[in-house]
Amino acid sequence: MYKIQEAEMLANNIYRMVVEAPRVAQHCLPGQFVIVKADEEGERIPLTICDYDREAGTITIVFMPIGESTKKMKDLKAGDAFMDFVGPLGQPSEFCSEDIEELKKKRIVFVAGGVGTAPVYPQLKWLHEHGITADAIVGAKTKDLVILEKEMSAVSNLYITTDDGSYVRKGMGTDVLRDLVQNQGKQYDVCVAIGPMIMMKFVCLLTKELNIPTVVSMNPIMVDGTGMCGACRLMVGNEVKFACVDGPEFDGHLVDFDLAMKRQQMYKTEEGRALLRYQE
Ligand code: FES
């Protein structure tokens, strides 16, 4: 069992938990994820790692309840435990394997949408620990949904925007990126976009126009997380890829977002869920 040390509501319907998982904490790197299961009947839920503490042996997860299992998960309190907490899964962010001196020459911008801020944070923190401070644009629907502001601003040059203008500025993350590049003279060698698929699609359309290579972190439905079931299949360029083992990060300019979103919709239906159970 994997004991929950801390559990709190970070923002409106966004929850944060610190979980004792020493083996995962020992080996994980930014960009990777875990699959958790609250109890025997619970679904397996893939969650990106928001933070890790190797010494304390803990992993921080951040999630927004959407299905039945994540709704049950939000009711867990400090002292409760997860039955399964499997990871680290997937490939680490490509920054982790780059030459640090080369990486220091790169101008990097992150665009995070909503709860996608959580997986962006460990990447910014890792870069910061290696002497690199990237720009980070965080877009949220409203002020209430801005998360990790203090943590993010400690490790990046942070730009916040809200869809309704209730905090800092009004507009999407793409508006800020366009403004930084076209009006404020910023230049970037790489963009990393993490958030809802539709948001990543629009970031990629913009970065294609601005000629900025872009990495996205794909979050399709996952079942086994080991490349066996095919649930997380994506088309990247002309190749079939599995987000759980080949990703979750991919070249955003090659991802077929329309197909990925169609598949995500399919799995939202009861039939899709039944199919997934069957495949399990
Ligand atoms: Fe990736 Fe099953 S979750 S192949």
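How far apart should the ends of helix H4 (residues 117-129) be at 1.5 Å a residue, and how far apart are its end C-alpha atoms? Select residues 117-129 and check. The 13 residues of H4 should span 18 Å, and the end C-alpha atoms are 18 Å apart, so the two values agree. Keep in mind that this is a predicted model.

**Whole chain**

Zoom out. The protein has 10 helices and 15 strands. Its C-alpha trace spans about 55 × 40 × 40 Å along the principal axes. A compact globule of 280 residues would have a radius of gyration near 19 Å; the protein has 18 Å, which agrees. Colour by burial next: 44% of the 280 residues count as buried. Residues 24 or more positions apart account for 65% of them.

**Two domains**

Select 2-89 as domain 1 and 94-217 as domain 2. Their C-alpha centres lie 24 Å apart.

Now select residues 1-95. An unreviewed UniProt entry places the feature "domain: FAD-binding FR-type" here. The span is 13% helix and 47% strand, and its end C-alpha atoms lie 32 Å apart.

**Inside domain 1**

Start at phenylalanine 82, in strand E6 (residues 81-82). Is this residue buried or exposed? Phenylalanine 82 has 24 other C-beta atoms within 10 Å, and the cut-off for buried is 20 or more, so phenylalanine 82 is buried. Leave aside neighbours within four places in sequence, and its contacts are Tyr2, Val19, Val36, Lys37 and Ala38. Phenylalanine 82 and aspartate 39 are 43 residues apart along the chain, yet their C-alpha atoms are separated by 6.6 Å.

Move to methionine 73, in helix H2 (residues 68-73). Methionine 73 is buried, with 26 other C-beta atoms within 10 Å. Beyond neighbours within four places in sequence, methionine 73 is in contact with Ala38 and Pro65. Draw a distance to leucine 145. The pair is 72 residues apart in sequence and 19 Å apart in space, C-alpha to C-alpha.

Next, show proline 88, in strand E7 (residues 84-89). The peptide bond from glycine 87 to proline 88 is cis, with omega near -5°.

**Inside domain 2**

Return to H4 and show its side chains. Its buried residues are Thr117, Ala118, Pro119, Val120, Tyr121, Pro122, Gln123, Leu124 and Leu127. Step just past the helix: glycine 131 takes a positive phi of about 85°.

Which other residues have a positive phi without being glycine? One of them is leucine 148, with phi of about 60°. Leucine 148 is in the loop between strand E9 (135-140) and helix H5 (149-155). With 23 C-beta neighbours inside 10 Å, leucine 148 counts as buried. Asparagine 211 also has a positive phi, near 65°. Find asparagine 211 in the loop between helix H7 (197-210) and E12. Asparagine 211 counts as exposed, with 8 C-beta neighbours inside 10 Å.

**The cysteines**

Take cysteine 229 and then cysteine 232. Cysteine 229 sits in the loop between strand E12 (214-217) and strand E13 (233-236). Cysteine 232 lies in the loop between E12 and E13. What burial does each have? Cysteine 229 is partly exposed, with 17 other C-beta atoms within 10 Å. Cysteine 232 counts as buried, with 27 C-beta neighbours inside 10 Å. Not counting residues up to four places away in sequence, cysteine 232 touches Pro220, Ile221, Met222, Phe242, Ala243 and Cys244.

**Last stop**

Finish at proline 248, in the loop between helix H8 (243-246) and strand E15 (249-251). The peptide bond from glycine 247 to proline 248 is cis, with omega near 15°.

Note on methods:
Residues numbered from 1 in each chain as written. Predicted model: local features only at pLDDT ≥ 70, side-chain atom pairs only at ≥ 80, totals over all residues. Helix = DSSP H or I, 4+ residues; strand = E, 2+ residues; numbered from the N terminus. Rg over C-alpha atoms; globule rule 2.2 N^0.38 Å. Buried ≥ 20, exposed ≤ 12 C-beta atoms within 10 Å, placed from the backbone. Contact = placed C-beta atoms within 7 Å. Expected span 1.5 Å × (residues − 1). Domains from an automatic or database assignment. UniProt positions renumbered as here; feature names shortened; annotations may be inferred.
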